[in-house]
Amino acid sequence: MYFIWKDSMTIDNGIIDDDHRHLIEIMDGIMILVTSKAPQGAVLAMLKALLDFGEKHFQREEMLQKAAGFPENESHRRIHDQLLNDLRAYIADLSNVSCQDLTPEQCHKRIHETKRFLTRWLIAHILGEDTKMRPYVERMQPVATAMPLLRAS
Ligand SMILES: [Fe+2]
């Protein structure tokens, strides 16, 4: 396990946590592919899945914040936009050379950099920003309960 959801990441004991769990599973899958020297096409597909689910998740997190009157709604939205842009840029710059065809040092460096990027992309965001939503979770509930689990769709 490279990435695992932890209790310290709890936000709402509900759909936000469920989304985060799923995003973290995808990120773990990316690390498994990179470390097992899978073809870059597979890594790319998994990164795109992360972008796709991330877009949907951020969108509904923003809706919940609005519904709850979360005061940092606007700045949080801008952070989400930046994270999505960072991931799009990361995907666009992704080399088509697999770890398989790199030297052991280059491959090791790539593994390290991938882990660092993904940690900053979501784990740091959950712990540093999303935790600020905790006092608003109750006010999110009426809207949140009407939202389906994303991973099931
Ligand atoms: Fe967020």
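This report walks through the fold of a predicted protein model, helix by helix.

## Before we start

Residue numbers begin at 1 in each chain and follow the sequence as it is written. Because the model is predicted, local features need pLDDT of at least 70 and side-chain atom pairs count only at pLDDT 80 or more, while totals for chains, interfaces and linings use all residues.

## The overall picture

The protein has five helices and zero strands, giving the pattern α-α-α-α-α along the sequence. Here helices (H or I, at least four residues) and strands (E, at least two) are DSSP runs, numbered from the N terminus.

The C-alpha trace spans about 50 × 25 × 25 Å along its principal axes.

Of the 153 residues, 25% count as buried. A residue is buried if 20 or more other C-beta atoms lie within 10 Å of its own, exposed if 12 or fewer, and partly exposed in between, with C-beta atoms placed from the backbone. Two residues are in contact if their C-beta atoms, placed in that way, lie within 7 Å. Among contacts between residues at least 6 apart in sequence, 77% join residues at least 24 apart.

H2 covers residues 40–68. Its 29 residues should span 42 Å at 1.5 Å a residue, and the end C-alpha atoms are 41 Å apart, which agrees. The expected span of a helix is 1.5 Å times one less than its number of residues. Buried residues of H2 include Val 43, Met 46, Leu 50, Gly 54, Phe 58 and Ala 68. The buried residues of this helix pack against H1, H3 and helix H5 (137–144). After H2 comes Gly 69, with a positive phi near 70°.

Two packed helices are described by the angle between their axes and the distance between the axes. The axes are lines fitted to C-alpha atoms, for helices over the stretch in contact, and angles run from 0 to 180 degrees between N-to-C directions. For H2 and H3, the angle is about 175° and the axes are 10 Å apart. H2 and H3 are therefore roughly antiparallel to each other. Angles under 35 degrees count as roughly parallel, over 145 as roughly antiparallel, 65 to 115 as roughly perpendicular and the rest as oblique. Among the residues making this contact are Leu 44, Leu 51 and Phe 58 of H2, together with His 80, Leu 84 and Ile 91 of H3.

H4 (residues 104–128) has 25 residues and reaches 34 Å from its first C-alpha to its last, close to the 36 Å expected. There is a kink of about 40° centred on Thr 119; the bend at a residue is the angle between axes fitted to the seven residues ending there and the seven starting there. The buried residues of H4 are Thr 114, Leu 118, Leu 122, His 125 and Ile 126, and their cover includes helix H1 (15–35) and helix H3 (73–93).

The axes of H1 and H4 come within 10 Å and cross at roughly 175°. That makes H1 roughly antiparallel to H4. Among the residues that meet here are Leu 23, Met 27 and Ile 30 in H1, and Ile 111, Leu 118 and Leu 122 in H4.

## Two residues to look up

Met 27 lies in H1 and counts as buried, with 25 C-beta neighbours inside 10 Å. Leaving aside neighbours within four places in sequence, Met 27 is in contact with Phe 3, Leu 50, Leu 118 and Leu 122. Met 27 and Leu 50 are 23 residues apart along the chain, and their C-alpha atoms are separated by 7.2 Å.

Trp 121, in H4, is partly exposed, with 18 other C-beta atoms within 10 Å. Not counting residues up to four places away in sequence, Trp 121 touches Leu 83, Asp 86 and Leu 87.

## Positive phi outside the helices

Asn 13 is in the segment before H1 and has phi near 50°, a positive value in a residue other than glycine. Asn 13 is exposed, with 9 other C-beta atoms within 10 Å.

Lys 37, in the loop between H1 and H2, has a positive phi near 60°. Lys 37 is partly exposed, with 15 other C-beta atoms within 10 Å.
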